[in-house]
Amino acid sequence: MTPITDVEGRRVSLSNLDKVLYPATGTTKGEVLHYYATTVAGAVLSHLRDRPVSFLRYPDGPDGQLFFTKNPPPGTPAWVATAAVPRSEDPAARQVMVQDLASLMWAANLVVEFHTPQWRADAPEIADRMVLDLDPGSPATVVECCTVALWLRERLAADGLLAYGKTSGSKGLHLLVPLTPTPSGEVSAYAKRLAMEAEAALPELALHRMKRALRPGKVFVDFSQNAAAKTTATPYTLRARPEPTVSAPVTWDEIADCREAGALVFRAGDMGGRLERYGDLLAPLNDPEQAHPLPGGALGGAG
């Protein structure tokens with residue numbers, strides 16, 4: 001029988017709590033739900049709220065079937081908020097929004113990675129943040145990503161923009177920049193220019209093109225996730241990796257001091273202590289006072 005739990009007045013079914021999802025660490029589904037409910041609930045909700053969510057589902061763990069879904073899953077409770085997100089193939093499409101703890105626990109019970117766009121549901125395609133996804137091509141690691149990140153931080157600062165870092169939860173690093181609301185197309189164009197400048201400044205290390213033959217030993221500065229239709233792993237989401245790694249916020253000191261690939265690997269069990277020590281390092285992304293316009297007459301305040 002599936003247990004029914006009351007979460008802030010909502011009845012949420014929580015199933016298979018003893019199921020091992022991460023065999024490498026023995027981490028169970030119940031422990032995953034505990035992570036979201038008690039360790040990171042406030043922090044992750046601040047980055048999920050008001051954004052349409054896409055799910056990478058892995059109900060049998062990272063070694064089982066993985067599938068990406070934007071549509072609300074069958075059986076989505078009526079009390080889970082959704083937002084209209086029209087797509088060319090489905091003008092009436094809607095997506096889930098995770099607005100509260102009950103919705104978070106319902107979604108976590110599906111066993112998912114959370115992915116969100118750079119814009120909010122009330123202003124589609126008007127970005128309030130920019131992302132640069134630094135993806136290392138073997139034998140490069142997160143160490144090389146950190147070198148590129150430090151260059152990008154200085155370059156962004158020259159344009160009056162603040163950058164914050166998080167691990168991807170996989171091999172790379174994400175840089176996030178709070179913006180005054182700006183059309184996604186303008187953000188994408190600016191991000192592409194930055195990626196090209198990084199390649200010109202660090203030709204032995206950085207790359208702005210996806211071409212596979214160019215990737216070994218270099219860091220791909222992926223600007224494409226700023227497109228309105230794209231999403232990025234939400235801060236604090238667990239990833240469908242062999243171990244329960246987290247897309248974890250990191251300090252610039254940690255980035256500057258990174259000397260080996262394992263230095264910026266954080267698992268679910270690490271996050272309580274990190275939040276106690278640092279708070280939410282990405283809280284400025286949700287503070288309008290920290291947002292700045294793109295240089296060169298970008299349409300800050302659009303929407």
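Tutor: Start with exposure: buried means under 20% relative accessible area, exposed over 50%, and partly exposed in between (1.4 Å probe, protein chains only). This is a predicted model, where local features need pLDDT of at least 70, side-chain atom pairs count only at pLDDT 80 or more, and totals for chains, interfaces and linings use all residues. Residues are numbered from 1 along each chain as its sequence is written, and side-chain values use heavy atoms, without hydrogens and water.

Student: Which residues of helix 7 are buried?

Tutor: M271, R274 and L275 are the buried residues of helix 7 (residues 271-278); helices (H or I, at least four residues) and strands (E, at least two) are DSSP runs, numbered from the N terminus.

Student: What puts them on the same side of helix 7?

Tutor: Their arc around the axis is only 95°, so they lie on the same side of helix 7. The arc is taken from the directions from the helix axis to the C-beta atoms. On the other side of helix 7, E276 and R277 are exposed.

Student: Why is the pair of Y36 and F114 called edge-to-face?

Tutor: Rings of Phe, Tyr and Trp (its six-membered ring) pair if their centres lie within 6.5 Å; planes under 30 degrees apart count as stacked, over 60 as edge-to-face and the rest as tilted. The centres of Y36 and F114 are 5.5 Å apart and the planes are at 80°, so this pair is edge-to-face.

Student: Which parts of the chain does the pair link?

Tutor: Y36 is in helix 1 (residues 29-39) and F114 in strand 9 (residues 112-116), 78 residues apart. Both Y36 and F114 are buried.
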